[in-house]
Amino acid sequence: MAEFSFELNDDQKAVREWIHGFAADVMRPAAAEWDEREETPWPIIQEAAKIGLYSLDFYAQQYFDPTGLGIPMTMEELFWGDAGLALSIVGTGLAAVGVLANGTEEQIGTWIPQMYGDANDVKVAAFCSSEPDAGSDVSAMRTRAVYDEAKDEWVINGTKTWATNGGIASVHVVVAAVDPGLGSKGHASFIIPPDTPGLSQGQKFKKHGIRASHTAEVVLDNVRVPGSCLLGGKEKLDERLARARERATAGGERLKNAAMATFEASRPAVGAMAVGTARAAYEVALDYAKTRQQFGRPIIDNQGVAFQLADMRTRIDASRLLVWRASWMAVNGKPFDSAEGSMSKLFASETAKTVTAQAVQILGGNGFTREYPVERMHRDAAIYTIFEGTSEIQRLVIARTLAGVPIR
Ligand SMILES: Cc1cc2nc3c(=O)[nH]c(=O)nc-3n(C[C@H](O)[C@H](O)[C@H](O)COP(=O)(O)OP(=O)(O)OC[C@H]3O[C@@H](n4cnc5c(N)ncnc54)[C@H](O)[C@@H]3O)c2cc1C
């Protein structure tokens, strides 16, 4: 067993430096322009693909890093570069993880490479779960998948919303109800291959932050996919549904459900994104406070400013430690008995909001303008307390886990 250490190993340090170089040299200089354009930054994704940073191989290596720190380290550095550009680079990973978590080996081998394309022809993928009337309450999902046995095809109808890369993706992963009576236990995930008739992009949203990342509705109108596009396969689905029906008639659900365990393992990655944005804003504020002179001295000489910076740095470091703990637990198969994954996401995302607001304050009037990056970072930070489960939902999950009551 490895000795306990808070230090990254030499390989991890080298990878972190490499990502940091890309974030500093390619992402930072382009961030303001793509924020204004509100368009998918294909040239930046392509640059990342050229050096192997946007690729299945790179993410698989980080995902399977035995220390668990590969993904949080990657997220922190990329989101330090810029949140909107970074989400455009890592958004595909959300769909890829959906396939990795539920797909057969054949499905993983067939579809994940198509999600990324190659350096000369990059593609992105989308994960579509949220709906206009089913955001926090996933069990209210209306999108329906019905099996057509004669043709061995699934027919999918419904409207998805808020899908990152929705409509511009090559491969869409869509969650749909196959047995609406079972709530979230009656859901299944489907691959929608490129150019499938019936799938179209609805409204593209104009957003407050992470504006370089494409977010849109996805309309599914009699979309037909082969039986092989059901993630995990029909046999596994039928077994799972039978177990869920048995439990429903036996009264109530079990606390430890598989979806919850998956969320606990994936939420620290969002926490790490928030740490990246918070650290970026803190660094700008620290530099500014050391150089900006008022009343004949640098503003950091005022305790009112210096104490804010002390709080900012302390919260950022605490967030990273919570994220690293939860990531380590996930890779070592430790049970999230206190919802430690949700804790890390809750604390880090609230920290990013607070710290970026403090950075705006420390920069004074300059902080309020688009001449300085903290204005953008503050807008970007608002997403972390909303997507992948709002802060209220994280608190609900933590509280219910502590109380020992079922999480729906
Ligand atoms: C930029 C962006 C990208 C996204 N990307 C994706 C994506 O790729 N794929 C995808 O499927 N989804 C995506 N989402 C959707 C995101 O996960 C949802 O927005 C989120 O889950 C919240 O759902 P909602 O917006 O419907 O809010 P609602 O669920 O309507 O919540 C509204 C408010 O009520 C609160 N609330 C709700 N229920 C409770 C409760 N029981 N107790 C206390 N408070 C409660 C919430 O915390 C929130 O403050 C994205 C969203 C955004 C904004």
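Reader: How many residues surround the ligand, and which are the closest?

Author: The ligand is surrounded by 21 residues, each with its C-beta atom, placed from the backbone, within 6 Å of it. The closest are Ser 129, Gly 135, Ser 136, Thr 390 and Glu 392. Two or more residues of this shell come from each of β3 (125–128), β5 (153–164) and α13 (391–403); helices (H or I, at least four residues) and strands (E, at least two) are DSSP runs, numbered from the N terminus. This is a predicted model, in which local features need pLDDT of at least 70 and side-chain atom pairs count only at pLDDT 80 or more, while totals for chains, interfaces and linings use all residues. Residues are numbered from 1 along each chain as its sequence is written.

Reader: Why do you say that the ligand lies between domain 2 and domain 3?

Author: Because domain 2 (125–250) and domain 3 (258–403) both give residues to its shell. The domain bounds come from an automatic or database domain assignment, which also gives domain 1 (10–122). Taken over C-alpha atoms, the centres of domain 2 and domain 3 are 31 Å apart.

Reader: What classes of residue make up that shell?

Author: It has 11 nonpolar, seven polar and three charged residues (Ala, Val, Leu, Ile, Met, Phe, Trp, Tyr, Cys and Pro count as nonpolar, Asp, Glu, Lys and Arg as charged, and the others, Gly among them, as polar).

Reader: Happy with that! Now the helices: what makes α1 roughly parallel to α4?

Author: Helix α1 (residues 10–37) and helix α4 (residues 70–81) pack at about 20°, their axes 8 Å apart. Axes are lines fitted to C-alpha atoms, for helices over the stretch in contact, and angles run from 0 to 180 degrees between N-to-C directions. Angles under 35 degrees count as roughly parallel, over 145 as roughly antiparallel, 65 to 115 as roughly perpendicular and the rest as oblique, so α1 is roughly parallel to α4.
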